[in-house]
Amino acid sequence: MIITGDDPEYIAFVKARLHDQFLMTDLGPLRYFLGIEVSSTSDGFSISQEKYIQDLLARAALGDERTVETPMELNVKLRPTDVDPLPDPTRYRHLVGSLVYLVVTRPDISFLVHILSQFVSAPTTVHYSHLLHVLRYLRGTITHRHLFPSSSSLHLQCYSDATWASDLTDRHSLSAYCVFLGGSLVSWKTKKQVAVSRSSVEAELRAMALVIAEVT
């Protein structure tokens with residue numbers, strides 16, 4: 001359980017009342033919760049999942065120490081029928097499922113995880129090679145942290161984008177957005193659009209509608 005607020009006396013009161021009713025241990029200031037590491041400095045709060053990534057790489061057993069600079073190669077288009085299906089898709093499903101939780105602190109892989117998640121039912125060797133590429137990128141950026149600056153303003157800024165007809169199977173577009181509160185990135189998402197857009201403008205408008213719904 002995390003208890004947070006701007007009134008230390010009331011936080012102490014809540015903890016005391018909870019302690020009266022339940023067997024509890026006060027672990028002090030937040031440092032680690034559900035695989036997420038939290039640190040606080042004069043610059044603000046930062047969160048990361050470094051240990052989670054280490055455990056993920058250990059389970060993946062890559063067999064080498066290579067790293068890559070980007071999470072995905074440029075202009076890659078994946079299809080459900082790419083080359084040969086994996087004889088056992090269990091590892092692929094497990095690793096992609098682990099990456100989904102990692103997106104909580106790593107918006108830089110959000111788009112890639114969304115793409116790879118579309119093939120968990122029948123992944124191929126090509127899909128698996130791109131999954132390994134993402135893992136090598138994470139190995140090289142394992143110390144990256146998501147910062148919430150203490151000096152951030154309360155000015156809301158939203159950005160959206162769309163890749164028109166990017167799904168080679170059904171020609172649906174992808175929407176993506178990110179929302180900043182001052183200098184803090186507080187929300188981000190990549191989602192496949194539910195209908196085929198007849199133009200890039202229509203795809204962009206659907207992406208804008210998605211981020212407006214999030215902000216509202």
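Predicted model: local features only at pLDDT ≥ 70, side-chain atom pairs only at ≥ 80, totals over all residues.
Figure 1. Setting aside residues up to four places away in sequence, Arg 136 touches Leu 62, Asp 64, Arg 66, Thr 67 and Val 68. Arg 136 belongs to helix α5, which covers residues 125–140, and with a relative accessible area of 11% Arg 136 is buried, because a residue under 20% is counted in that class.

Figure 2. The side chains of Asp 64 and Arg 66 meet in a salt bridge, with an N to O distance of 3.7 Å. Asp 170 and Lys 192 form another salt bridge, in which the closest N and O atoms are 2.8 Å apart; Asp 170 lies in the loop between β5 (156–163) and β6 (174–181) and Lys 192 in strand β7 (residues 184–192), so that this pair ties together parts 22 residues apart in sequence.

**Figure 3. The salt bridge between Arg 106 and Asp 108.** The closest N and O atoms of Arg 106 and Asp 108 are 2.9 Å apart. Arg 106 is buried, with a relative accessible area of 4%, while Asp 108, at 30% relative accessibility, counts as partly exposed. A search of the whole structure finds ten salt bridges.

**Figure 4. Packing of helix α3 against helix α5.** Helix α3 (residues 90–102) and α5 pack at an angle of about 40°, and their axes are 11 Å apart; the two helices are therefore oblique to each other. The crossing in which α3 passes α5 is left-handed. Residues of α3, namely Arg 91, Tyr 92, Leu 95, Val 96, Leu 99 and Leu 102, meet His 127, Tyr 128, Leu 131, Val 134, Leu 135 and Leu 138 of α5. By class, this contact of α3 with α5 has ten nonpolar residues, one polar and one charged.

**Figure 5. Val 126 and its contacts.** Val 126 is placed in helix α5 and, leaving aside neighbours within four places in sequence, is in contact with Leu 78, Asp 82 and Val 83. Val 126 and Leu 86 are 40 residues apart in sequence, and their C-alpha to C-alpha separation in space is 9.2 Å.

Conventions:
Residues numbered from 1 in each chain as written. Heavy atoms only, no water. Helix = DSSP H or I, 4+ residues; strand = E, 2+ residues; numbered from the N terminus. Buried < 20%, exposed > 50% of the residue type's maximum accessible area, 1.4 Å probe, protein only. Contact = heavy atoms within 4.5 Å. Axes fitted to C-alpha atoms, helices over the stretch in contact; angles between N-to-C directions. Parallel < 35°, antiparallel > 145°, perpendicular 65-115°, else oblique. Left-handed = near helix turned anticlockwise from the far one by under 90°. Nonpolar A, V, L, I, M, F, W, Y, C, P; charged D, E, K, R; others polar. Salt bridge = Lys/Arg side-chain N within 4 Å of Asp/Glu carboxyl O.
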